[in-house]
Every structure is written in structure tokens, then in C-alpha cells.
Amino acid sequence: MRRFLLLLLILVVALGGLWWQRAPLGEALYGRMAESRAGRNALAGYGDGLTLIFCGTGSPVPDPNRAEACLAVKAGDTLLLIDGGDGGVRKLAGLGVALDGLDGVLLTHLHSDHIEGLAPALLLRWAGGAATNPLLLIGPPGTSDVAAGYNLMLKADATYRTAHHGEAIVPTGGGQFAGRDLGPGVVWNAGGLVITAFAVNHAPVAPAYGYRISYKGRTVVVSGDTAATPAIAQAARGADVLVHEALQPRLVAAITRGLANANQPRTAQITRDILTYHATPEQAATVAAQAGVQMLMLTHIVPQVPNRFFEAAFLGDAPARFSGPIRMARDGSVLHLPAGSTAIAEDTL
Ligand SMILES: [Zn+2]
Ligand SMILES: [Zn+2]
């Protein structure tokens, strides 16, 4: 008993000392962490191949665990973003993915949850890489308007940054977008990376694109936002991975009932409307089976799924429809497809 009390006393004194010295201890610890983490690139360890980093796997439905739509694609020396919804690019940078070498941004369509978080991509590339040219923003008709809108919003900011840090660090001309409206077809062909846009069905949003991305024999197809459509299975034929959006109507129906009970009929109606232009996990699984892909990665998860326990309820009958692995992407999920291989490595940043 006496020994126990003595040990307890020592513990209390030690903890008290640590708390009392928390300022110098905190500074020393912070210094060690910052020195090892600042400037690191989380992608440095991956070899040549096609790498997908899921930076936003949510939707306009607020979800503390998921940023809005954002996917980074690394292929050789090329780094691209597909969509940049709220919080996605910030999350990507926070995960340690350097954006100074960002080569462009591709938009699937112009819904706000795919475009409203792009300002950090401009700034991080510009300030991080001393970019002197504008950042390419490619997408369906209307994309150049999005670019012009960002450029107008950030017009003053662009001059402040250069005035403060100087031309050598943050040069004039790098803090702006160059928008390009493109139709379906090849939208990127450089450094062995070929990206083809194809029309999907997100009516009344039109055109809305999916993208087929190929690099050194590896292929990924990204559905964008879409209802179930044969266009995806056609575009994904023979691909390694299908990244497909997913909305589970049975879980959304519970939210609809809750909103109706809470006397919020207008919001309840929105939760009914969204069913018409998204695909269910089961439909995505059917498409994956038709296309013959190796793996199905679900993203743009609607509604919120609080934790892994609820994933089975979200997936429903999807596993019965596709024999390959079905994953629900989380912010920070990584798929790496090495060049000259059929392997798919899964990782989390
Ligand atoms: Zn969306
Ligand atoms: Zn959409």
C-alpha cells in the first residue's frame, strides 16, 4: 500500500512537472516535428505508375469526415486534379502532397461541390513553385467562366502576394487560371498520360463528363457525377479500376423521413430530387462487372456514413453483383497502379 502511494506520488509529481514545463517542451517537440515534416512529399515513395489520391470523397451534404469532390492523379512527372470541391485541395496539401508541380485541373462538371475549393490549388502551385504561367482549368463548356470568376475574385490577392514576397518568389502571372472549354474526346496527351472525356448522364447538368485515364498500360475510369448509364461500362472496358460515384437511396430515404418529420418539406424534396441523377452502389457494381474491371472504388458518398460499421448497409447488394473488391474511398485513400504490372496497391495517407 505504501509503495503504491509512493509510486502514485512520483507519477503525480512527474506529470505536474511536464505540465508546468509545457511551453519549452512543446516548442522543442514542435520543432522536431516541423523540421521532419515541412517540405516533405507524401508521394515520393511511390514508383512509376498511375497513382490516385482521394482528397475529397463527399458531396454537398455536409460531412465532417469527407471534403467535397477532389481526386489527385499522379502519372510520371504529371500531377493533375480532377475536380476541387470545398476542402479537397486543402486536405490534399495537409496530407503532404506537394502542389508546386500541379500541371492542371480537370472538371467533370460545374456543380458547386466540384469547383468551389480551387483557390488553394492556385496559391499552393504559384507560391510553392514560383509559377509564372496560369494554371490550366479544363472542362465542359462554362469552365472558362469558372476560371474568369476565380481570376476576378483573386485579382487583388494576386498583386498583394507579389508585392509582399517579390517577383522571384511569387512572380506575376502565376496566380491565375487559364480556362479551356472542351468537348468529349482526348483532353490531355503528354508524358505518356492520355485522358479522354466522355459524356455521362447527370441531367439537367449537361454536359457532364467522366474521364478515362491511361498511363503506361494502366487505366482508371472516373465516372464523375452520373445516374447509371451504359456510357461508363463502355468507357471502362478493360480498365484496371472504376472510380464510381454512389448514393444509397435506402439510407437517403431515412433522411427524407427525418426532414419531413421535422417539418422541412423543401429540404426533404431536395433529398428526393437527388435520386434521379446519381447512381446506387448496386448499379455501380453492375457497371463494374459489365466493364470487367479489377476493382470498384466508390466515392462521392451520399449520404454520410459515420464509420465502417455502416458500410455494409451503404453497399447493400453491390457485393453480389461484382466479384472483385469494392472499396468505399475515404479522404486520404490512395491507389497505386505500378507501370508494367497488374497490381493495385492500396494505401492511406
Ligand atoms: Zn457532386
Ligand atoms: Zn453533380
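Two strands are taken to pair if DSSP finds at least two bridges between them. Helices (H or I, at least four residues) and strands (E, at least two) are DSSP runs, numbered from the N terminus. The model is predicted: local features need pLDDT of at least 70, side-chain atom pairs count only at pLDDT 80 or more, and totals for chains, interfaces and linings use all residues. Residues are numbered from 1 along each chain as its sequence is written, and chains are lettered from A and ligands numbered from 1 in the order in which they are written.

The chain holds 13 helices and 15 strands. Its C-alpha atoms fill a box of roughly 75 × 60 × 50 Å along the principal axes. A residue is called buried if 20 or more other C-beta atoms lie within 10 Å of its own, exposed if 12 or fewer, and partly exposed in between, with C-beta atoms placed from the backbone. Of the 349 residues, 41% are buried. Two residues are in contact if their C-beta atoms, placed from the backbone, lie within 7 Å. Among contacts with a separation of 6 or more, 66% link residues 24 or more positions apart.

Seven-stranded order is found in one open sheet, which runs β7-β8-β9-β10-β11-β12-β13 with mixed pairing. Strands β7 (185-190) and β13 (326-328) stand at the edges with a single partner strand each, so one side of each lacks a neighbour in the sheet. Neighbouring strands are turned by 20 degrees against each other on average, direction ignored. Axes here are lines fitted to C-alpha atoms, for helices over the stretch in contact, and angles run from 0 to 180 degrees between N-to-C directions.

Strand β11 (241-247) is mostly covered, with 7 of its 7 residues buried. V241, V243, E245 and L247 lie on one side, and L242, H244 and A246 on the other. In a regular strand the side chains alternate between the two faces of the sheet. Strand β10 (residues 218-222) runs parallel to β11 and is joined to it by 3 bridges. V220 has V241 of β11 as its bridge partner. Together, β10, helix α8 (residues 230-236) and β11 form a right-handed β-α-β unit. Right-handed means that, with the strands pointing away from the viewer, the path from the first strand over the helix to the second runs clockwise.

Strands β11 and β12 are also parallel, joined by 7 bridges. L247 is bridged to V302 in β12. Strand β12 (residues 295-302) then pairs with β13 in the parallel sense over 3 bridges. L298 stands opposite M328 in β13. Helix α11 (residues 281-291) lies across β11, β12 and β13, and runs at about 160 degrees to β11.

R212 sits in strand β9 (residues 209-215). This residue counts as buried because 20 C-beta neighbours lie inside 10 Å. T196 is 16 residues away in sequence, yet 5.1 Å away in space, C-alpha to C-alpha. Leaving aside residues up to four places away in sequence, R212 touches T196, F198, T219, V221 and A235.

Helix α6 (residues 143-153) has T143, V146, A147 and Y150 buried. These residues cover an arc of only 100 degrees around the axis, which puts them on the same side of α6. The arc is that of the directions from the helix axis to the C-beta atoms. The buried residues pack against α4 (112-115), α5 (119-129), β5 (135-139) and β6 (177-181). Exposed D145 and L152 are carried on the face turned away from the buried side.
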